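Have the sequence and the structure open while reading.

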Amino acid sequence: MSIFALGIELDGEGGHPAAWRHAHHAPSESLTGRVLQHKVAAAENAGFTFATFDDSIVPATSDITARVDAINRASFVAATTSTIGLVPVVGTTYAEPFHISSQIATLDYSSRGRGGWIPTRVHDPAVARAWGRPLISEPADLDREQRDSITVARDLWDSWEDDAVVRDYASGRFLDRDKLHYVDFQGESFSVKGPAIVPRPPQGQLVVFGTEADRDQVDVVLAQNADTTRQGLTFLELDVTLDTPSASASERLESLNSYTRAPSSSRREYTGSAAGLVDLLAETAETFDGVRLFPTVIDADIRELARYVLPPLLKSGVAHRPVPGSTFRSNLGLTRPANRYERV
Amino acid sequence: MTLHRPDAQVHFGVFFQGVNHTTIWSDPASGSQIDFETFRRIIGTAERGLFDAFFLGEGLRLREQEGKILDLDIAGRPDAIAQLSALAGITSNIGLVATQNTTYNEPGDLARRLAGLDILSDGRAGWNAVTTDNAWTGENFRRGGFLDHELRYERADQFIRTARAIWDAWADDAIATSRDSEFWAEKDAVQRVSLSTSQFDVDLDSTLPRSRQGHPVIFQAGDSPTGRDFAAANADVIFSRHGTDFDEALTFANDIRARLRAAGRPEDDIKILPGTQIVLAENAAEVEEKERWVRDGQFTGPTALSLVGLVWGKDLSDRDPDGPLPSEDPVVAPISSTRGAFRDGKDPVEIAKEWRALAEAKNLSLREVAIETTVRSGFAGTPGQVADELTKWVREGATDGFNISPYIVPGGLDEIVDWLVPELQERGAYRTEYTETTLRGHLGLREPLTRRKTGETDSSAAG
C-alpha cells in the first residue's frame, strides 16, 4: 500500500475543551465563515488529504456550546478549496436518510468530487429530545439505524445511472427513465422509495468512514488503537499536541488543563516535538493506511504541522499531497465504483 | 397613474427552479442544471446586478406521470441548504433563500441548518417555508406519507414557532469577545427551548447564536386563504404567483395588506415578490420573435401532450400535439394520477370543457391550448418598456419586486443585469450599490417578529 493519507479534525478550536483560550481570535469570531475558511485553507495548504468536521445537534461537552451544522461547514468551504477532502460527521440515529443522502451528494457536487461522510451512532438521550423523537438506545437498534442509513444513502447515490440525463432533442426527453431506479428500501423503522433528487454524485459513491463495526459498509475504518484487524483501508486516530516556539507541548496542555481539565481520550495521544511526530507517523505508515489527527488547539498545532511535520513526510514519500483536479476517492487510491443498478 | 410610493425601488430575486419545463434545455447555450459552475455563474451575475436574493426550490421526490417517472423536463437538483452554504462561501452580499418543507423535516434539525447558513453567510439566509399533504412524497421519509390537509398549516405554524424559539434562545452578545473571559459564552445567556404542541415535543439546548440579521428571513408561497393568513401571521416576504397581470397583483397586494392590518402588523410589514419571467430585446419585432422562441422551447410537442395529459388523466404521448384536443372526456381518477404537479383541485371535466371552448373560439391546436392556458409569460419588451412597467408595479403598490426565473441557465440573467438594471437605475427605481449586508437589510424589513412581540429592541437586527 503506497498511499498514506493525512487527515485532520477541524471542529471548533481543537480537541481540548479550553482550546478557545489559545485560538488566534476572539470567541465571538469563532463561528464565522472567515475563521472557518482560514482553518481549512491552512490544512489544505499544509498538504492534508482530508479534513473532518465533528458535530451534534446538542452542545458539545466542551467550553464551546455553539456549533454550526457540519454539512453546512463542509459545504461552505467546498468552492474555496481545491484539493482537500471534506468530511462531515452526521448522526444516523434520528436524521432522515433521504435528506442526508441529498445533502452530502450536494457537497460532492460543490466540491467537485471531494465529499465524504462519517456516519455515527448517537447515544445521547438529549439528542432524541432535541429531535422530538422516541429514544433509541439499545445497541442493536443503534446499529440498525446506522446500517440502514448507510444502505439507503448508498442506494440513492446509485439510483441515477451516470448517463441518466440524455437531453434527447428529437424525442423531447431530458431523462432516460430506464436509467433511474427506485431503491425500494424496506427497513424495520423506515422505508425509502427513491430515486434520489440529486443525480449520481461526481465520485459515484462518496468516501464513507466508519468504525470496526461498520467495516463491511464503509471505505475507511477509523481505528483508535493498533489492535484493529487490517482489511481494507484503516486509519489511526491520534490526539496531537506539539511543541511551539513559545511553549512546549506539555506546558501548553498544562495551561489549558488549568482552565478546563480535558476528559481522558480513548484515542492514542502524542505530546512532544514535531520531529518525534514525524517518526511516529512514518512508523504508523507501515501498519496503517492513514491517520486522522486531532490537534489540541487547531491554530497553534496546524502551524507546527504545516512547517515541521508534513514537509518531511511529503518529501520522503511517506505521504502524498492530494492531486489537484482528482477526487477524494482517487487521492485515497480508491476507484470510482460501478453503479449497482446498471445492467451489465 | 397614481404613485402611492413615489420613491419605491424594484427588488429582484432569482429563482433557480432546476426542475421544470420552463427552463429551456434544448438550446446549445443551455448548461447543466446540476454542475456547481452553473450556480456559481448565475449567482455571480445576480450579485453583480445587486439582486436581493438567490432562491432554490426543493425536491423530495421525482415527479411521475401515469405511474412513470416524468422524463420530459429538467429534473435533478442539489439540496438547497447544502448548496446555498457552498454559494455563501463565494458571495458576499446576496441573500440565500432555501425552500424547505415543514412536513418532512423536524424543527430542531431544520432550524439549526437554516441558522447555520445564516451565521456562515453573516446574515444572508432566508427560508421559504412550504407545506405538503402529498402522501406520495412521504414514501421517502421516516414519518411516512400521511398528514391531513387541514393539519399541514397547523404543523407549519407550530414548526415556525418552534424554529423561532430556537433562534431566539441565545441572547445577543452571549459569546465572549475576549479569550481572557471567564467563559466562552455567558452561562445564563442561553435559554433552554422546551415546547410541547400537538405536532411537536421538542426539548433542547440550542447550538446557534443569533446572526447579524437576527435569524433567517421567512418567506411564504401558498396562495389559499389559509396560506395568506399564515403569511400575515408569520412571513416577512410572500413569494406570490401574481407576476403577470397588474390588476390581479394589486388585488392580491391589497388583500395581503388587509390581512396584515387584521393581524396587528403594519401594512408594509411584508414584501411581495411574485415569480415572473422577463424577455428582453431591442425592438418590437425582436421582442415578438424572442417570445415565440422562448414559448416554443418551453412547450415542445411532448411537453404539451404531457401537460394536457395531466388534465385528461391519461397518457396522450402518441397524439399529434398540433392536432385538436382529445375528443373523449377526461378520466376522473379518484386520486391524481400525476405526482408532484398541480391541478389546483379543479374538476378535469370542467377544465376540458373550458379548454374545448377556447380551442373552438380561437381555432387552437392542442399545443396552442397548452400554451394559452399554462404560460404565465411575465414581462416582454425593450429594456426601457419593461423598466417603465416594473417601476409602475412597484410604485403603485402591486408588488415590491420580482423573483425572476431565467428561461435559460446559466446565461439567462445576463440581459436582465446588463440591460434592464441600468434602465431601472436611470429611473431611480433600483439601487446603485448594496447599502446593507444582510438579506433583511436589502429588503428593508423591520426586526424579526418575535423581537417586537417581546418588546425587546435590537438596533442591529434591522440592519
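## Two helices in contact

In this predicted model, the residues of H1(A) that touch H8(A) are Lys39(A), Ala42(A), Ala43(A) and Ala46(A). Their partners in H8(A) are Ile298(A), Asp299(A), Ile302(A), Ala306(A), Leu310(A) and Leu314(A). Sorted by class, the contact of H1(A) with H8(A) holds eight nonpolar residues, two charged residues and no polar ones.

## How the helices are arranged

H1 covers residues 33-46 of chain A, and H8 covers residues 298-315 of chain A. Their axes come within 9 Å and cross at roughly 15 degrees. Angles under 35 degrees count as roughly parallel, and H1(A) and H8(A) are therefore roughly parallel to each other. The crossing in which H1(A) passes H8(A) is right-handed.

## Where the chains meet

The contact between the two chains involves 75 residues of chain B and 79 residues of chain A. About 6300 Å² of area is buried between chain B and chain A, and carbon and sulfur atoms give 58% of this area. On the chain B side, the residues that lose the most area to chain A are Arg142(B), Arg179(B) and Trp184(B). Together they make up 16% of what that side buries.

## Charged pairs between the chains

How many salt bridges are there between chain B and chain A? The count is eight.

A salt bridge also joins the side chains of Asp55(A) and Arg112(B), with a distance of 2.6 Å from N to O.

Terms used: Residues numbered from 1 in each chain as written. Chains lettered and ligands numbered in written order. Predicted model: local features only at pLDDT ≥ 70, side-chain atom pairs only at ≥ 80, totals over all residues. Heavy atoms only, no water. Axes fitted to C-alpha atoms, helices over the stretch in contact; angles between N-to-C directions. Helix = DSSP H or I, 4+ residues; strand = E, 2+ residues; numbered from the N terminus. Parallel < 35°, antiparallel > 145°, perpendicular 65-115°, else oblique. Left-handed = near helix turned anticlockwise from the far one by under 90°. Contact = heavy atoms within 4.5 Å. Nonpolar A, V, L, I, M, F, W, Y, C, P; charged D, E, K, R; others polar. Buried area = accessible area lost by both parts, 1.4 Å probe. Salt bridge = Lys/Arg side-chain N within 4 Å of Asp/Glu carboxyl O.
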